Amino acid sequence: MFRQKSKPSSQSGKTHNQRTIAVASIPRTSLIWLFTTQALVLLPHLLRIPYWVGILAVVCGCWRIMIFNGRWSYPARWLKALLVIGAVTGTFLNYGTIVGLEAGVVLLLCTFLLKLLEMKNQRDAYLVVFLSYFVIVTQLLYSQAIPSAAYTFFTLVVITSALVGLHQQQGTLELKKTLRKGAVMMLQAVPLMVLLFIFIPRLGPIWSVELPSQKARSGVSDQMTPGDIAELSKSDALAFRATFTDTIPPQNQLYWRGIVLSELMGRTWRQASRELTLAGRTGQDLKLSGNPLITWRDQFQRWPNAVKKQGQALNYTVILEPTQQNWLYALAVPQISNVDIGVTRDFTLIAREPVRLRQQYKVRSYPSSLVDVELPHWLRRQNVQLSAFGNPKTRTFAQQLWDDVEQKPQLYIDRILQYFNRQPFYYTLKPPTLGFNSVDEFLFTSRRGFCAHYASTFVYLMRIAGIPARVIAGYQGGERNTTNNYVQVRQFDAHAWAEVWLEDKGWVRVDPTASVAPERIQDGLEAALAEEGSFLEDTPLSPIRFKHIGWINRLRLEWDMLEYRWQRFVLNYNQDQQMEFFNQLFGTFSWYKLALALGGGLGAIIIMLGVWIIFRRQPIKYDPATRLYLKFCQWGRKQGCQRLTGETPIHYLQRLQQHVPYYSAWAQRVTDNFVTLQYNPDFEEGESLYQKELVLLKKLVRHPVKSPR
Amino acid sequence: MRTLIKNYFGRWLDQRIPPSTTIFLNQKRIFILPTRTGYFFILIGLAVFFAAVNYENSMSFMVAFFLASLFLVCILHTYANLAGLEITALYASKVHVGDDVGFTIQLQDIVGKPHESIRLFWQPYQVSTVSLIAHEKKSVSVFLLASQRGYFRPGRLCIETHYPLGLLRAWTWVDLNSQALIYPKPIACPLPACHIASSEGDTLAKEGVEDFTGLRSYQPGDGLRHIAWKHFWKSDDLLTKQFSAYTDMRLWLDWEQFAGASIEERLSFLCYWCLQCEQHQRDYGLRIPNITLEPARGPQHLARCLTALALFGVNQPGITPGKGTDNV
């Protein structure tokens with residue numbers, strides 16, 4: 001008996017016959033959706049791709065709008081051919097190829113844009129939508145960070161909505177409704193997606209592919225000229241995270257060794273064996289004049305006399321950001337059981353392939369072990385090598401010192417460190433440029449330098465005295481997160497220090513920077529540069545600069561942790577992680593159990609979704625007058641007089657008046673008002689007369705009035 | 001072989017969804033399969049999956065699994081979009097052979113869910129689309145080319161939906177027992193010259209005053225002038241003299257007028273002339289074998305005539321009256 005809420009007139013009762021369905025044209029709503037989709041999908045690519053693709057996007061978009069308005073027509077075939085040839089040529093000019101990943105992505109984007117000019121029917125629209133899915137994936141190859149992932153999922157909602165829009169009845173322009181449907185479907189798909197993500201067995205790559213190349217290699221490079229590391233220190237980008245199973249060692253013990261530089265060529269320090277970089281590719285045990293330089297098996301077996309295991313072991317997992325380099329970072333004397341990671345004779349870690357993707361590895365380190373107590377001859381020769389020319393002042397200075405301490409290495413070291421400490425040496429990110437006799441200049445004139453200056457000068461001084469010494473490049477320290485037991489190491493934690501070989505002790509770490517700026521080792525770079533104010537000078541908005549503001553720092557730490565978890569549990573969820581998880585979950589892994597878990601989970605979720613989607617009912621929506629009247633009926637029920645199903649308002653009024661005579665007049669007015677609104681043809685919903693009457697009814701229903709009989 | 005399969009399928013369908021005027025769409029009656037777009041979507045999902053495998057890219061795995069999940073969710077939504085509708089055949093329009101006959105069908109949501117873009121058709125090139133909000137009741141006409149005179153049964157109505165994503169098609173074939181009465185196709189022709197019926201046999205008398213035609217027993221109200229007084233003197237029977245006036249100017253549309261034409265042609269010619277007369281506001285009568293309709297005019301008369309023409313030589317419809325949905 002009540003009239004249901006009337007629908008917008010544009011939709012109600014509209015049916016239409018389509019004589020042809022073979023080429024259903026694209027309605028306006030869909031076009032809006034497709035435009036939005038394309039814009040969203042293209043946006044993150046824009047920074048990376050050549051600028052002309054952006055221009056192409058604008059041109060195609062405008063052209064399409066003109067086509068839609070009926071002002072321009074679809075481009076002629078020759079023009080389309082020209083555009084395609086132009087796009088291919090442009091790509092070739094930009095990348096020198098049209099087959100690589102980057103060139104491929106640009107071509108894909110061009111196809112995607114040019115399709116706009118060809119999009120005539122629904123099938124073309126589908127193609128655009130499906131291409132969008134692909135373009136999204138290419139974006140993910142470049143960045144998988146949380147913001148990027150969030151953006152991707154937002155885009156997926158829009159794409160899904162675009163598909164919904166394509167299937168809505170033509171002529172309905174309800175963007176909000178369409179978006180809601182898309183979002184609901186997306187949200188319903190998420191639990192299934194998570195289940196599949198966890199349980200679908202991962203495979204290794206089936207064929208080798210080109211990975212997106214980074215603009216520049218990051219991290220410590222394979223050679224070092226004093227000043228290099230200062231460059232690195234300007235970046236607050238993450239280098240790696242290390243999670244310890246037990247407690248984190250003290251800050252001044254966190255020397256993350258990357259590469260060992262023992263060869264000095266002019267001013268530049270290099271790895272003794274350049275082939276080490278390529279070792280991964282040859283895959284074999286590299287040898288230098290008969291001495292193996294690398295092993296892919298347990299190094300304690302390979303070089304049984306080199307390391308004397310001592311003290312407690314440290315267990316930790318490192319998640320390394322892509323560096324495009326082969327070497328990995330670890331604390332001293334690492335042991336590893338990973339077929340793809342080898343150990344060099346200098347006891348650093350090396351990966352078979354340059355680290356192009358974020359890599360996770362587990363290490364066990366023995367920091368207090370003795371290394372090379374008996375130094376092989378070839379290694380000694382390598383680490384005392386020095387050119388006979390240059391830096392005459394330094395040579396005299398060193399010779400004199402060496403004689404002063406009666407050629408006792410330990411004393412010699414102490415004296416040099418004292419020298420650094422007592423003379424006015426400065427630790428700075430902005431060292432002056434040095435000339436030909438750089439060590440002379442640094443030691444006696446400028447006395448301003450960064451860790452690389454101190455380390456290389458120190459090793460130089462050692463070698464003049466004939467003491468085996470070498471420069472180690474890597475990272476020092478890092479930001480500790482004690483609640484989650486991990487250390488976060490950033491590019492500005494890059495560091496260089498020295499290792500000196502001493503009788504009976506083997507290789508001993510000496511950090512000359514600690515003598516100049518002890519706060520660098522204790523509290524990190526920021527503290528060491530506090531006076532100079534040059535810490536992260538070029539990135540004024542870096543959140544690390546606002547460490548002192550409590551809430552910003554907390555926010556930053558929370559975000560770091562979120563990112564860390566994201567990386568550890570989502571992005572690094574690969575074959576090994578998955579197996580580990582299965583073993584944890586099932587006790588022992590078996591395919592049968594996996595199938596059961598996957599099938600059971602899928603079934604359960606689908607049933608729940610099915611119940612929700614298929615059996616959920618929407619309540620009847622009444623028009624506003626009826627809603628008010630039902631409120632009135634509710635009041636009546638409270639008075640003990642319930643309206644029966646199908647009872648007319650007039651009849652109910654009569655019963656009610658008998659039941660509560662005091663309210664008789666009021667009930668009469670309410671009923672009259674309602675009946676007028678509902679049945680009088682002069683009162684059309686939405687018109688001012690109706691609205692006035694409705695307001696009156698609202699007031700009436702809200703305040704029952706008692707009147708004397 | 002093909003017809004064999006078709007027949008078998010038809011029998012199977014008759015068992016599964018027996019003909020009925022009102023049909024409620026539930027899982028027993030709804031079929032669901034991916035569309036071509038759906039298969040393409042699966043292909044895209046697989047491509048994304050292999051890209052993810054090769055690039056070892058976790059987020060791409062997510063996208064691939066998202067596409068798979070979306071497909072599964074879409075199955076439920078597509079089904080839910082069609083299920084819970086009650087389909088009732090209301091009536092059919094009456095048209096001539098060669099025109100589109102419109103069957104009016106009522107859709108009602110029973111389960112409190114909106115139903116978007118429901119497509120109804122008998123032939124895939126004549127689709128009616130309708131959308132309902134929750135608890136709504138709506139009527140829609142679905143058209144079909146009327147190919148045959150008499151009671152026209154359109155067969156099974158296809159009700160389908162691709163909403164929301166177009167990846168799947170949920171559909172059903174329902175037989176709503178509908179039938180429409182299809183009139184012959186009107187074909188213009190000259191009316192044979194003899195059509196003004198003036199011969200004795202074609203005349204129907206009506207009481208008049210010109211010619212004496214006979215006597216009948218007196219009934220109260222007969223004029224005194226017409227009483228056969230002479231006869232009364234002779235036999236004591238009170239009789240009334242009857243006179244008749246010829247109605248020769250009225251039109252008779254006769255089967256025999258179109259001798260030489262085939263049955264369907266004759267029906268078409270007669271149909272044409274019925275419509276012409278009606279248009280020009282002239283009385284006309286119809287005479288076809290076994291049926292004679294008195295000259296008259298007006299929509300009811302026209303309907304009677306056209307129905308007679310439509311059903312000429314047609315056996316009784318296969319369904320019992322009252323159960324059928326059309327109005328004869």
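User: Thanks! What percentage of the residues in chain B is buried?
Analyst: This is a predicted model, so please read everything here as computed. In chain B, 53% of its 328 residues are buried.

User: And how many helices and strands does chain B have?
Analyst: Chain B has 6 helices and 17 strands. Looking at its contacts with a separation of 6 or more, 66% join residues 24 or more positions apart.

User: What about chain A, how many helices and strands there?
Analyst: Chain A comes to 25 helices and 24 strands. Of its 709 residues, 49% count as buried. For contacts in chain A with a separation of 6 or more, residues 24 or more positions apart account for 71%.

User: Which domains is chain A divided into?
Analyst: The assignment gives domain 1 (28–167), domain 2 (223–550) and domain 3 (624–702). Taken over C-alpha atoms, the centres of domain 1 and domain 3 of chain A are separated by 58 Å.

User: Switching to the interface: what area is buried between chain A and chain B?
Analyst: About 6,200 Å² is buried between the two chains, and carbon and sulfur atoms give 68% of that. The contact involves 72 residues from chain A and 64 residues from chain B.

User: How many salt bridges does the rule find across that interface?
Analyst: The rule finds 1 salt bridge between chain A and chain B. B:Glu116 pairs with A:Lys177 in a salt bridge, with the closest N and O atoms 3.1 Å apart.

User: Which helices of chain A supply at least two residues to the side that touches chain B?
Analyst: Helix H5 (122–142), helix H6 (146–167), helix H7 (175–199), helix H19 (550–571) and helix H21 (591–615) of chain A each do, and strand S1 (17–18) supplies at least two as well. By class, that side of chain A has 41 nonpolar, 20 polar and 11 charged residues.

User: Nice. Back to chain B, what are the domains there?
Analyst: Chain B is assigned domain 1 (10–183), domain 2 (184–204 + 247–328) and domain 3 (216–246). The contact between domain 1 and domain 2 of chain B takes 19 residues from domain 1 and 21 residues from domain 2.

User: What area do domain 1 and domain 2 of chain B bury between them?
Analyst: They bury about 1,700 Å², with 57% of it on carbon and sulfur atoms. On the domain 1 side, B:Arg149, B:Tyr151 and B:Tyr183 lose the most area to domain 2, together 41% of what that side buries.

User: Which strands of chain B supply at least two residues of the domain 1 side?
Analyst: Strand S3 (85–92), strand S9 (150–152) and strand S12 (180–183) of chain B each supply at least two residues of the side of domain 1 that touches domain 2. The largest share, 4 residues, comes from S12(B). That side of domain 1 divides into 10 nonpolar, 6 polar and 3 charged residues.

User: New topic, backbone geometry. Which peptide bond of chain B is cis, with omega near 5°?
Analyst: That's the bond from B:Tyr163 to B:Pro164. B:Pro164 sits in the loop between strand S10 (157–161) and strand S11 (168–174) of chain B. As background, most peptide bonds are trans, and most residues other than glycine have a negative phi.

User: So where is B:Asn177, and is it buried or exposed?
Analyst: B:Asn177 lies in the loop between S11 and S12 of chain B. Its phi is near 60°, a positive value in a residue other than glycine. With a relative accessible area of 6%, B:Asn177 is buried.

User: And in chain A, what is phi of A:Asn391?
Analyst: Phi of A:Asn391 is near 50°, again positive in a residue other than glycine. A:Asn391 is found in the loop between helix H11 (377–384) and helix H12 (392–404) of chain A. Its relative accessibility is 7%, under the 20% cut-off, so A:Asn391 counts as buried.

Key. Residues are numbered from 1 along each chain as its sequence is written. Chains are lettered from A and ligands numbered from 1 in the order in which they are written. This is a predicted model: local features need pLDDT of at least 70, side-chain atom pairs count only at pLDDT 80 or more; totals for chains, interfaces and linings use all residues. Side-chain values use heavy atoms; hydrogens and water are left out. Domain bounds come from an automatic or database domain assignment. Contact means heavy atoms within 4.5 Å. Buried area is the accessible area (1.4 Å probe) that two parts lose on being put together, summed over both. Ala, Val, Leu, Ile, Met, Phe, Trp, Tyr, Cys and Pro count as nonpolar, Asp, Glu, Lys and Arg as charged, and the others, Gly among them, as polar. A salt bridge is a side-chain nitrogen of Lys or Arg within 4 Å of a carboxyl oxygen of Asp or Glu. Buried means under 20% relative accessible area, exposed over 50%, partly exposed in between (1.4 Å probe, protein chains only).
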